[in-house]
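This briefing goes through selected local features of one model, grouped by topic. Please keep the sequence and the coordinates in view while reading.

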Amino acid sequence: MSGMQADSVTLVAPFAGWLAPLEEVPDAVFAERMMGDGFAIDPIEGVLRAPAAGEVLSVPASAHAVTLRLDNGAELLLHIGLETVALGGRGFVAKVKAGDRVAAGDPLIAFDLDRVGEAAKALITPVVVANDGFTLKLDRVGRLVGAGDPVASILRSGARAAVGVAAQDEKHEREVRVAAAHGIHARPAARIAAALRPFLSEVELVRGDRTANARSTVGLLGLGVANGETVVVRASGPDACAAVDAVAELILAGLGEEAHAAPAAARVEPGRPVCASPGLAIGRVLQLRAVDQDVPENGGGAAQERAALDKALAEVASTLEGSSGSAAEIAEAHRALLSDPELIRAAGRRIIEGRGAGYAWRAASREAADAIRATGDALLMERVADLTDLERQVIAALLGGDAPGVPVLPNGTILIAEDLLPSQFLALDKGNLAGIVTAAGGPTSHVAILASSAGIPMLVAAGEDVLAIADGLPVILDADTATIATDPGETALAAAGERLAHARERRAQDLAAAHEPARMADGTRIEIFANLGSVADAAAAVNAGAEGCGLLRTEFLFLDRDTAPSEDEQRETYSRIAATLGDLPLIVRTLDIGGDKPVPYLPLPAEENPALGLRGIRLGLARPDLLRLQLRAILRGVPASQCRIMLPMVADLGDYRPVRAMLDEVKAELGVTDAIQLGVMIETPAAAMLAGQIAREADFLSIGTNDLTQYTLAADRGNAGVSQRIDALHPAVLRLIREVGRGAAEAGRWAGVCGGLASDPLAAPILIGLGITELSATPAAVPGLKAVVRTLDIAACKALAERACDAVSASEVRELAREAIR
């Protein structure tokens, strides 16, 4: 029957018996509240009745338990006896089925009291609240109750004041528009969950008539929230306002997603391949057939199975540590899934019903996958592969072995599969892997990102027909044109082979000369540095011939954690990167978060446009404690002969001078007497126009073309509706770069580019012609970039740069650059 208000429901005894606290149940899963709060009754009659009105969610085939959803949303698990699943249904008769509507007192399950009592470990029956967001208020225990007697009330969080509990909680909600280019997919969902770690309140996201636990990656994916849609962030609890604001600000800031990180998910039609990673490959087919390991349906007891699942989840999570680059971003999303409260609860509910841990995890994972598929969103459906991947890894850990392995690849393998999982890709021998084709999948799937990072050509969504291509058949995979030619003739093979040979020869030549200084054909020296985000990146840069680090993104130390890194932790990391570089210069950018890179331990006020708000050096000046600590760590970790420091998001000298003073103070504190270069990252049109003025005091200027382009063209990098307008070779952007080159030269300083444009060989002659003398690119781009620079002449570059500044569009500039390089 109904309770005192809509948020509260009164629970009545489901049968006559002795009412006991949950601690008296002789099973740790219940007694230690692993499944949730509740109570227990030792029955003296053989009919289990509904303790309140609601809907039947599930009744296992063994009929020893039932789960109800009450009218206030609480999910209640009633489990008759302990280890009764082993009876296989003997002695039980279900009176309801999933989907039935019941009233308080309606019969749910009839059972033979004597038969079950003799066979079971105990007859005591736990009644457990199985979902978050509810509080149980239990009446007096240690007494005999009759069926239908009130025994407890269950309240939605935030409604406690209505039943006499101190009204210390608050409720708050806020409507926000999702600005992330691809909506709320796996990584943004994981970031929302991470942002809520410091808060106690229950938080949910509401899209239309659907609601999801905001701490659950799986639940958020199931909402299917796309870019531009509006959601409500709702919370109740002691810090509801702060929790809602933290999530809302994260959403408004774009959820940490950058527009250039991945293309928007295209609607792919089966049988029409889509390029996920460009390139050309010739090889022979090897089909990868997916195999699921068998798992026992029934378990050996809830406590044993739950402990086994927890151990397996921890074991798989531990394998995700130590990743870098694209793999680190994917590991972040996978860790969130492994700790997802809704996924774990769904598996736990099945364990309580008597299922084995592997069976329960597989069922919960596939149920979540079905919910994601039901959204119909192409990008979100690509995350189903992540669930499948973790399903197999956790089950392998439970069974004490490895997940189904990948085959040994012969040289020149074109691997074909229904879909490919990230863990499978990482296990492949990349030296023998020529290309990949999948029948399913999408261009923004995690395995597509990995393939692109590794330079492996890949086609996705090629349709079921590719699964019928025979093993060993020769094929030409041209990902650039999204085609796969099976059993091609000699002429086609010869032509493709010639293209491949030319590309390989050019790459080999570039690598062979990569460690030589980059000098133009006329002898002009251009420095080619690398952008770094980890120790592993530093090693890759040295191997690729980089002459230094033009941008160390220190955010990787601050993101995806609950507290800021200590001075010693930062010092140790900077020191390892410096040591990896040897004596090469290391330019360390101070913390650049806020806006599109928020962190949970640093709550920022709500901003209408975070990209133009408190970010970069503005945040450092607002939090001088963080900035000073980072400066100390840099000076302690990087030898003075290598050390250069760069400030992000500077607009004018008013941003620079306070940091110069702080750096001088920190040098004095640490006894550092050597000169330390302090430069500026030019990311705003204001800084570009004032470059000459800034360069008279700053030691160097380095242009961040990504932000400079979006600010110049008034086009948000995270807005898919205008992202096609963003091209750093737009004449307006080039004219600002020209101002920076001129200003630096007049002040006797050097000017560089560390944004994405520096990795584009097509842009090199124009940037050099505009006065840029240092290019900082991705490590993989360094050899090719040096090769291009060696072909250039400074006079021709200056002439080309002037023509580019006078062009009317970015496309015209690109055509000019192509002609010049040809």
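## Helix packing and selected residues

In this predicted model, helix α15, which covers residues 535-544, packs with helix α16, which covers residues 567-581, at an angle of about 10° and with the two axes 9 Å apart. Because angles under 35 degrees count as roughly parallel, α15 is roughly parallel to α16.

**The contact of α15 with α16**

- On the side of α15 the contact is made by Val-535, Ala-538, Ala-539 and Val-542, and on the side of α16 by Arg-576, Ile-577, Thr-580 and Leu-581.
- Sorted by residue class, the contact of α15 with α16 consists of six nonpolar residues, one polar residue and one charged residue.

**Glu-75 in strand β7**

- Glu-75 belongs to strand β7, which runs over residues 75-79, and with a relative accessible area of 13% Glu-75 is buried, because the cut-off for that class is under 20%.
- The side chain of Glu-75 is joined to the side chain of Arg-69 by a polar contact of 3.4 Å.
- When neighbours within four places in sequence are left aside, the residues in contact with Glu-75 are Leu-57, Leu-68, Arg-69, Val-128, Val-129, Ala-130, Asn-131 and Arg-349.

**Asp-27 in the loop between β2 and α1**

- Asp-27 is located in the loop that lies between β2 (17-21) and α1 (28-31), and its relative accessibility of 9% means that Asp-27 counts as buried.
- Not counting residues up to four places away in sequence, Asp-27 touches Leu-82, Ala-302 and Ala-303.
- From C-alpha to C-alpha, Asp-27 and Ala-122 are 9.8 Å apart in space, while in sequence 95 residues separate the two.

**Positive phi values in two loops**

- Most residues other than glycine have a negative phi, and it is against this background that the next two residues are listed.
- Asp-487, although it is not a glycine, has a positive phi of about 45°, and this residue is found in the loop between β25 (483-486) and α14 (490-512).
- Met-649, likewise a residue other than glycine, has a positive phi near 60°, and its place is in the loop between β29 (643-647) and α19 (653-670).
- Met-649 has a relative accessible area of 2% and is therefore buried, given that the class is set at under 20%.

Key: Residues numbered from 1 in each chain as written. Predicted model: local features only at pLDDT ≥ 70, side-chain atom pairs only at ≥ 80, totals over all residues. Heavy atoms only, no water. Helix = DSSP H or I, 4+ residues; strand = E, 2+ residues; numbered from the N terminus. Buried < 20%, exposed > 50% of the residue type's maximum accessible area, 1.4 Å probe, protein only. Polar contact = N/O pair within 3.5 Å; in protein donor to acceptor, adjacent residues only side chain to side chain. Contact = heavy atoms within 4.5 Å. Axes fitted to C-alpha atoms, helices over the stretch in contact; angles between N-to-C directions. Parallel < 35°, antiparallel > 145°, perpendicular 65-115°, else oblique. Nonpolar A, V, L, I, M, F, W, Y, C, P; charged D, E, K, R; others polar.
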